[in-house]
Amino acid sequence: MIRGADTVGTRTTWRTVLESNTRAPRVARHEIAEHLDGELGSQRTQDAVLLVGELVTNSLLHADSGETHEIVVELVIGLEAVRIMVTDGGSSTMPMIQPLDSTRPGGRGLFLVESLSDRWGMSREGSRQTEVWFEMGRRSGPAAASPLL
């Protein structure tokens with residue numbers, strides 16, 4: 001695992017590169033909880049930890065794997081909001097919210113991201129890279145409509 005942090009002005013950025021293995025979601029949850037360090041309050045921190053675990057799990061399940069498949073987790077703490085980004089090696093399928101189906105295990109990750117975060121989105125470089133991000137406002141209520149940074 002590779003880690004790095006940087007503080008510039010009013011924002012702090014932290015980044016880690018995880019090996020794509022079954023421990024990655026647990027490591028990501030632990031690292032985000034540690035680095036949030038009270039920035040969101042107890043309940044919102046629990047939500048952020050849950051969501052990063054879901055996104056890293058999605059990377060494990062859906063990203064094309066190769067010899068050097070890695071998952072990058074980034075945390076940006078701004079004045080108004082916290083943004084967490086998970087980037088992987090991409091996939092031929094587009095990440096999308098699945099219809100809830102109680103007879104099928106899984107398939108709730110992006111539903112949870114949409115439900116618990118203030119904003120979320122994704123960017124793709126074809127099938128080579130996918131980044132899914134979410135934001136949570138640092139104050140009570142939804143984050144401001146303007147971008148985090």
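**Close-up views of a predicted model**

**View 1. Strand 6 and its partners in the sheet.** The bridge partner of Val86 in strand 6 is Val132, where a strand is a DSSP run of type E with at least two residues and a helix is a run of type H or I with at least four, each numbered from the N terminus. The model is a predicted one, in which local features need pLDDT of at least 70 and side-chain atom pairs count only at pLDDT 80 or more, whereas totals for chains, interfaces and linings use all residues. Residues are numbered from 1 along each chain as its sequence is written, and side-chain values use heavy atoms, with hydrogens and water left out. Strand 4 (residues 81-88) and strand 6 run antiparallel and are joined by 8 bridges, and two strands are said to pair if DSSP finds at least two bridges between them. On strand 5 (residues 119-125), which also runs antiparallel to strand 6, there are 7 bridges to strand 6, and Arg124 stands opposite Thr130 in strand 6.

**View 2. The hairpin and the surroundings of strand 6.** The hairpin of strand 5 and strand 6 has 3 residues between the strands, and Gly126 takes a positive phi near 55° there. In strand 6 (residues 129-137), 8 of the 9 residues are buried, so this strand is largely enclosed by the rest of the structure; buried means under 20% relative accessible area, exposed means over 50%, and partly exposed lies in between, with a 1.4 Å probe and protein chains only.

**View 3. Helix 1 against helix 2.** The axes of helix 1 (residues 24-36) and helix 2 (residues 42-62) come within 8 Å and cross at roughly 150°, the axes being lines fitted to C-alpha atoms over the stretch in contact, with angles from 0 to 180 degrees between N-to-C directions. Helix 1 is therefore roughly antiparallel to helix 2, given that angles under 35 degrees count as roughly parallel, over 145 as roughly antiparallel, 65 to 115 as roughly perpendicular and the rest as oblique. The residues of helix 1 that meet helix 2 include Ala28, Ile32 and Leu36, and those on the side of helix 2 include Val49, Val52 and Val56, a contact meaning heavy atoms within 4.5 Å. By class, this contact of helix 1 with helix 2 has 11 nonpolar, 3 polar and 1 charged residues, where Ala, Val, Leu, Ile, Met, Phe, Trp, Tyr, Cys and Pro count as nonpolar, Asp, Glu, Lys and Arg as charged, and the others, Gly among them, as polar.

**View 4. Helix 2 against helix 3.** The axes of helix 2 and helix 3 (residues 109-116) come within 9 Å and cross at roughly 150°. Helix 2 is therefore roughly antiparallel to helix 3. The contact is made by residues including Leu50, Leu51 and Leu55 of helix 2, together with Leu110, Leu112 and Val113 of helix 3, among others. By class, the contact of helix 2 with helix 3 has 7 nonpolar, 2 polar and 3 charged residues.

**View 5. Glu54 and its neighbours.** Glu54 lies in helix 2 and, at 22% relative accessibility, counts as partly exposed. Leaving aside residues up to four places away in sequence, Glu54 touches Gly109 and Leu112. Between Glu54 and Arg29 there are 9.3 Å in space, C-alpha to C-alpha, although the two are 25 residues apart in sequence.

**View 6. The chain as a whole.** The secondary structure comes to 3 helices and 6 strands, and from the N terminus on the elements run β-β-α-α-β-β-α-β-β. Buried residues make up 38% of the 149 residues in the chain.
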